[in-house]
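Here is a short walk through one protein model. Keep the structure in view and follow along.

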Amino acid sequence: MAKISRVDLAVPALKKRKQAAAYARVSVESEKMNHSLSAQVSYYSSLIQKNPEWEYAGVYADDFVSGTGTAKRDEFNRILVDCEAGKIDIILVKSISRFARSTVDLLEAVRHLKDIGVEVRFEREHISSFSGDGELMLTILASFAQEESRSISENVTWGQRKRFADGKVSFVYSRVLGLDKGPDGTIVVNTEQAETVLLIFSLFLEGMSPHSIAAELTRRGIKTPGGKDVWNQQTVRRMLSNENYKGDALLQKEFTVDFLTKKMKKNEGQVPQYYVEGNHEAIISPAVFDMVHAELEKRRGGGSCYSGVSIFSNKIKCVDCGGWFGSKVWHSTDQYRKVIYRCNRKYSGEKCQTPHVTEDEVKAAFVSTYNQLVIEKKEIIANAEVIRRTLCRTDDLEAEKRVLEEEMPIAAERAQGMIAENARIAQNQDDYQERYESLVERYNAAKARYDEVVDAIAAKVVQSERLSGFIGTMQAQQGILTEFDKRLWSSMVDYVTVGRGKEFIVTFRDGTEIEV
């Protein structure tokens with residue numbers, strides 16, 4: 001009898017679908033680029049979902065970030081994390097340049113993904129990281145992408161520097177309080193914010209430090225340039241040094257060190273800078289700005305840390321050492337609490353013999369000496385006018401400055417001509433070097449003198465402005481003072497010198513000295 005054997009048909013195992021994702025990126029923020037990113041996301045979503053062998057794992061998209069680094073590419077870093085977690089088997093990318101422009105970054109990422117079993121496919125180049133010659137082709141093409149990035153960076157940099165050389169100014173308005181971009185693209189004054197700028201400069205000239213000004217602005221509830229509630233002294237200091245507020249512009253304060261990392265560095269002479277005078281409407285007059293600049297330099301060079309906690313800080317000088325008096329508190333915890341001022345070097349090194357003084361004594365000395373000025377008001381004003389007209393004149397210096405401005409380009413041009421000639425024509429190199437160094441020395445001497453002249457002009461302008469302010473205050477003052485006036489103290493007095501016998505010598509801004 002024939003035997004019938006039963007055959008069980010085994011169900012074939014279904015092939016596991018691979019988890020497929022895509023990475024997209026655009027680097028420039030614009031409506032066109034935004035549309036490009038949207039199109040990439042839509043394209044890859046459709047492509048992955050139509051493939052029966054793939055399971056959709058998402059599209060990771062970085063918008064408006066550079067491909068020269070990975071630190072700021074959040075989606076790029078997220079897709080790597082998901083690959084580590086085993087959520088992705090295949091990554092689709094439009095091109096090598098979309099993945100990374102740095103050859104090192106590209107190869108490191110692709111090799112790592114390959115080690116953990118993740119394939120990267122570059123559509124434009126038709127390259128798979130799993131193919132035999134994939135890494136070789138990636139190395140070659142990534143190098144091209146990196147050089148393309150270098151070329152783009154250099155072209156952009158050249159364009160920016162050409163604009164700078166032509167005096168075309170642009171800056172980040174969000175960082176400059178008080179100045180906005182007008183409807184026609186020009187720089188215009190924001191009148192409301194300009195009040196804050198004027199306040200900062202005024203408080204500084206009254207004797208306050210950047211730290212104290214920052215605290216005062218915070219107390220008043222005034223917003224910072226970045227819209228924050230709390231000010232810091234660095235912000236105040238930058239504003240006091242920002243030439244934009246006097247209507248000028250200094251271009252290329254910083255420059256890009258590396259096109260790949262986009263790292264910026266303060267320009268300390270490595271690349272040319274361009275200064276544009278009268279570029280836009282000023283908030284602070286140039287003379288007042290120069291006064292503030294001179295005061296900043298004075299405080300830096302004072303030999304000790306400047307304190308602006310009160311209107312008397314760095315205003316009271318020791319006759320023995322020439323240093324400043326600082327405030328000290330006596331009996332700080334009991335009913336006899338008292339604030340006095342004494343020389344900061346009184347108990348260090350060679351001890352000064354000057355006594356301490358109180359605020360009331362300084363105030364009384366100012367009122368007394370100021371009233372003496374008022375009695376001789378006409379003569380004091382006349383003398384100040386003579387000083388301002390004679391000692392503060394800059395005609396000769398301006399003429400010398402113009403001559404030097406013509407001299408420096410001539411010397412530089414001749415030096416460049418000599419270099420070009422030496423490259424074309426064979427000549428005695430000792431003679432060439434001697435003539436070249438002579439021209440360089442000529443240029444350096446002219447540049448050094450030019451810097452001296454510019455500084456001298458600025459100093460005279462500052463002194464003239466100080467005298468003008470002094471004269472204006474004197475003319476406006478009617479009658480003698482009966483009590484201390486903070487505004488007059490800040491605007492009229494340069495400093496007070498305290499002698500060993502507690503005598504006071506008040507030095508006013510016009511140079512007048514009166515002893516009590």
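How much of the protein counts as buried? Of its 516 residues, 39% do. Bear in mind that this is a predicted model.

Begin with the whole protein. It holds 14 helices and 18 strands. Its accessible surface comes to about 30,300 Å². Carbon and sulfur atoms supply 51% of that surface. Now take the contacts with a separation of 6 or more. Residues 24 or more positions apart make up 62% of them.

What is the order of its strands? The order is β2-β1-β3-β4-β5. This sheet of 5 strands is open, and its pairing is mixed. The edges belong to β2, residues 54-63, and β5, residues 127-128. Each has a single partner strand, so one side of each is left without a neighbour in the sheet.

How do such strands hold on to one another? Strands of a sheet pair through backbone hydrogen bonds, either parallel or antiparallel. Both senses can be found here. β1 and β3 run parallel, joined by 4 bridges. Here Ala 21 has Ile 91 of β3 as its bridge partner. β3 and β4 also pair in the parallel sense, again over 4 bridges. In this pairing, Ile 90 stands opposite Glu 119 in β4. β4, residues 119-122, runs antiparallel to β5, and 2 bridges join them. Phe 122 has Ile 127 of β5 as its bridge partner.

Look again at β3, residues 90-93. In a regular strand the side chains alternate between the two faces of the sheet. Ile 90 and Leu 92 point one way from β3. Ile 91 and Val 93 point the other way. Are these four residues buried or exposed? All are buried.

Helix α2, residues 74-84, lies across β1, β2 and β3. The helix runs at about 150 degrees to β2.

Finally, consider the cysteines. A disulfide is a covalent bond between the sulfur atoms of two cysteines. How many disulfides does the protein have? The count comes to 0. Cys 352 is in no disulfide, although the sulfur of Cys 321 is 3.6 Å away. Cys 352 counts as buried, at 6% relative accessibility. Cys 83 is buried as well, with a relative accessible area of 3%.

Notes
Residues numbered from 1 in each chain as written. Predicted model: local features only at pLDDT ≥ 70, side-chain atom pairs only at ≥ 80, totals over all residues. Heavy atoms only, no water. Buried < 20%, exposed > 50% of the residue type's maximum accessible area, 1.4 Å probe, protein only. Contact = heavy atoms within 4.5 Å. Areas by Shrake-Rupley, 256 points an atom, 1.4 Å probe, with all protein chains shown as cover. Disulfide = S-S within 2.5 Å. Pairing = 2+ DSSP bridges. Axes fitted to C-alpha atoms, helices over the stretch in contact; angles between N-to-C directions.
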